Amino acid sequence: HTLAFLHSVVQERRKFGPLGWNIPYEFNTGDLSASMTFLEKHLFDNDISWSTVQYMVSEVQYGGKVTDNMDLRLLKTYAKMWL
């Protein structure tokens with residue numbers, strides 16, 4: 001559920017223009033699907049590395065589109081708090 005919540009927050013911030021994200025990014029359901037697929041596969045391992053999950057979601061799946069340092073910092077903070 002927290003992954004879906006993260007996705008909804010990321011999407012909602014787009015509505016506020018430069019107050020939401022410094023640069024308008026094209027986040028979509030593909031980012032959520034890829035993150036969920038990674039999480040599902042990662043959950044079947046015996047040891048869950050939450051730092052790896054946070055990294056993959058915040059810096060690879062969603063963060064791969066982010067070019068502004070402050071936006072990336074915010075995205076990493078969300079992942080750290082919620083994942």
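**Ground rules.** I am working with a predicted model, where local features need pLDDT of at least 70, side-chain atom pairs count only at pLDDT 80 or more, and totals for chains, interfaces and linings use all residues. Residues are numbered from 1 along each chain as its sequence is written, and side-chain values use heavy atoms, with hydrogens and water left out.

**What I looked up.** Two packed helices are described by the angle between their axes and the distance between the axes. Helices here are DSSP runs (H or I, at least four residues), numbered from the N terminus. Axes are lines fitted to C-alpha atoms over the stretch in contact, and angles run from 0 to 180 degrees between N-to-C directions.

**H3 with H4.** I found helix H3 (residues 50–61) packed on helix H4 (residues 69–82) at about 150°, with axes 9 Å apart. That makes H3 roughly antiparallel to H4 (an angle over 145 degrees). Which residues of H3 meet H4? I noted Gln54, Ser58 and Glu59 in H3, which meet Leu72, Leu75, Lys76, Ala79 and Lys80 in H4 (contact means heavy atoms within 4.5 Å).

**H1 with H4.** Next I checked helix H1 (residues 2–14), which packs with H4 at an angle of about 155°, the axes being 10 Å apart. H1 and H4 are therefore roughly antiparallel too. On the H1 side I listed Thr2, Phe5, Leu6, Val9, Val10 and Arg13, and on the H4 side Leu74, Leu75, Tyr78 and Trp82.

Technical notes. Helices (H or I, at least four residues) and strands (E, at least two) are DSSP runs, numbered from the N terminus. Angles under 35 degrees count as roughly parallel, over 145 as roughly antiparallel, 65 to 115 as roughly perpendicular and the rest as oblique.
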